[in-house]
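Good morning, and thank you for coming. Please look at the structure on the screen while I speak.

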Amino acid sequence: MTDEKRVALITGGARGIGKAIASRLARDGMNVAICDLLEDAMRETKVELESLGSDTATFSCDVTDLDRVSEMVAGVEEHYGRLDVLVNNAGITNDKLLMRMSGDDWGKVLSVNLTSVFNCTKSVIRGMLSNRWGRIISISSVIGLMGNAGQANYAASKAGIIGFSKSVAREVASRGVTVNVITPGYIETPMTRDLPEKAKQQLFDMIPMKRLGTPEDVANAVAYLASDDAGYITGQILNVNGGIYM
Ligand code: NDP
């Protein structure tokens, strides 16, 4: 063990929402390990996290591969001597109407978004149970609750995370390990920033708070669920969506 700081592992932590989560947990005093496929972005994020006081180990790991994930988790446990918080954040979209969706389009999205959650959670659970403390937080989506035309694969994967998490929450609750899900709405990313003004206005009209969410809005919710203050909260879905779905 390097020190008494808690240790978090964030999948897809090199950029976007995952990076905001990693920065927030580092600012809250944790050591944060990140895994991603983007090696250059991961190197830059490591420097930023270290400037916030985190000892940051990086892992180039495809979260769809159970053997690689279990090697990575062993690497985290070896480096820090502990692993307290897992944030399942890595995710992709591949939007198409069902009529045009191939088996491959379906399988890849299910594998990156849902099988990865099984792989990572299974790999960390033994250590958390024996420590009698753990936090597993998975980033689903409002689309997993509402559905969306053109996103049957994405919606199924994000809804699957919810059933998975509620089941595991019941299995591990008595050992101080909580398992929760965050369902972000529309979050400001390069994709949404570049939308034409008219499309943005239509989006704002649908959102009671009249703005997109920020990656930091999601990170704030993760920080709460990862804290001691959230110790009696498990098996829950926390919507971070500006009221678009209640
Ligand atoms: P980004 O695409 O910016 O970040 C996702 C990260 O995950 C990327 O760095 C990506 O790397 C990595 N990743 C993808 N596949 C794998 C894999 N197989 N193994 C390891 N890492 C992988 O997405 P966002 O930050 O926008 O989204 C983060 C999460 O939030 C996702 O789960 C998404 O579904 C969810 N979400 C996002 C919303 C939004 O509006 N942006 C709304 C609701 C939910 P690479 O680029 O190399 O693939």
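How do the residues of the shell around the ligand divide into nonpolar, polar and charged? There are twelve nonpolar, eight polar and four charged residues in that shell. Here Ala, Val, Leu, Ile, Met, Phe, Trp, Tyr, Cys and Pro count as nonpolar, Asp, Glu, Lys and Arg as charged, and the others, Gly among them, as polar.

A note on the source: this is a predicted model, in which local features need pLDDT of at least 70, side-chain atom pairs count only at pLDDT 80 or more, and totals for chains, interfaces and linings use all residues. Residues are numbered from 1 along each chain as its sequence is written, and side-chain values use heavy atoms, with hydrogens and water left out.

Let us turn to the ligand. Around it are 24 residues, of which Arg 15, Ile 17, Asp 36, Asn 89 and Tyr 154 come nearest; a residue is near if one of its heavy atoms lies within 4 Å.

Which atoms of the protein face oxygen atoms of the ligand? In the side chain of Arg 15, an N or O atom is 2.8 Å from a ligand oxygen. For Lys 158, a polar side-chain atom is likewise 2.8 Å from an oxygen of the ligand. A polar contact is a pair of N or O atoms within 3.5 Å.

Finally, the C-alpha atoms of the chain fill a box of roughly 50 × 35 × 35 Å, taken along the principal axes.

Key. A polar contact is a pair of N or O atoms within 3.5 Å; within protein, one must be able to donate a hydrogen and the other to accept it, and residues adjacent in sequence count only if both atoms are side-chain atoms.
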